[in-house]
Amino acid sequence: HVDEIIEVLNRPNVHAFMHIPVQSGSDQVLRAMRREYTVAEFSYLADRLKAGVPELFLLTDIICGFPTESEQDWEETMALCKKYQFQGIHISQFYARPGTSAARLKPLKSHIGKDRYKELADLVTSYDRNEHLLGREERVWFGDTEQERSKGVNAQGQTVGRTKSFAKVLVPRNDSLLGRSAIVRISSTCRLHVEGLVVG
């Protein structure tokens, strides 16, 4: 059904967003987790989606420090994350849920999961996933107001929206934008959001 998913994600009224939790870049770890897919199958799906939806916002999940995860397994996970530079990664340290088969496995030393978590978090914060938007004019759908970062010229808050490719956009507060779309010229970017001005 990949072609049908691509067709839907390319519709003008649908965000180009997919959450596909891979959990690990190692087939050995995926088998131990009892996942019913391989890294190659995940990569095939991700590659097809990215080819068909070039500005796809691809979100994934990674578990750090699964009991059977070797250093080689972790290197494979890091390689996968570097290859795709996911727009978002939900990172978690392994936690043994009572009653699961994983809870019966001998855990790794606690610092290993913490170190791997930090290594991946450092990778995620090392690149600006929104940099390509700088200077562009994008249609943005607005639906929220944010005040926590508001100061100086934005003391009244900012109106929050999303582009077609799900980038978070902040503009000076204008409640009349809520529930509507408008064209925004992007003037600055960072890893988590972009800022700009409404131009149409």
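A: Cys64 is buried, with a relative accessible area of 1%. Buried means under 20% relative accessible area, exposed is over 50% and partly exposed is in between, using a 1.4 Å probe and protein chains only. This is a predicted model; local features need pLDDT of at least 70, side-chain atom pairs count only at pLDDT 80 or more, and totals for chains, interfaces and linings use all residues. Residues are numbered from 1 along each chain as its sequence is written, and side-chain values use heavy atoms, with hydrogens and water left out.

Q: How far is the Cys64 sulfur from the closest cysteine sulfur?
A: The distance is 8.6 Å, to Cys81, and that is too far for a bond. A disulfide needs a pair of cysteine sulfur atoms within 2.5 Å.

Q: And Cys81, buried or exposed?
A: Cys81 is buried, at 0% relative accessibility.

Q: How many disulfides in the whole structure?
A: The search finds 0.

Q: Switching to rings. How many aromatic pairs are there?
A: The whole structure has 7 aromatic pairs. Rings of Phe, Tyr and Trp (its six-membered ring) pair if their centres lie within 6.5 Å; planes under 30 degrees apart are stacked, over 60 edge-to-face, and the rest tilted. One of the pairs is Phe42 with Tyr84, edge-to-face, at 6.1 Å centre to centre and 85 degrees between the planes.

Q: What does the Phe42 and Tyr84 pair tie together?
A: Phe42 lies in helix α3 and Tyr84 in helix α4 (residues 71-84), so the pair ties together parts 42 residues apart in sequence. Helices (H or I, at least four residues) and strands (E, at least two) are DSSP runs, numbered from the N terminus. Phe42 is buried at 5% relative accessibility, and Tyr84 is buried at 6%.

Q: What about Phe42 and Phe86?
A: Their ring centres are 6.2 Å apart and the planes are at 55 degrees, so that pair is tilted. Phe86 sits in the loop between α4 and β3 (88-93). Phe86 is buried too, with a relative accessible area of 1%.

Q: Which rings are linked into a cluster?
A: Phe17, Phe57 and Phe166, through ring pairs.

Q: New topic: which residues are buried in α1?
A: In α1 (residues 2-9), Val2, Ile6 and Leu9 are buried. They are on the same side of α1 because they cover an arc of only 65 degrees around the axis. That arc is taken from the directions from the helix axis to the C-beta atoms.
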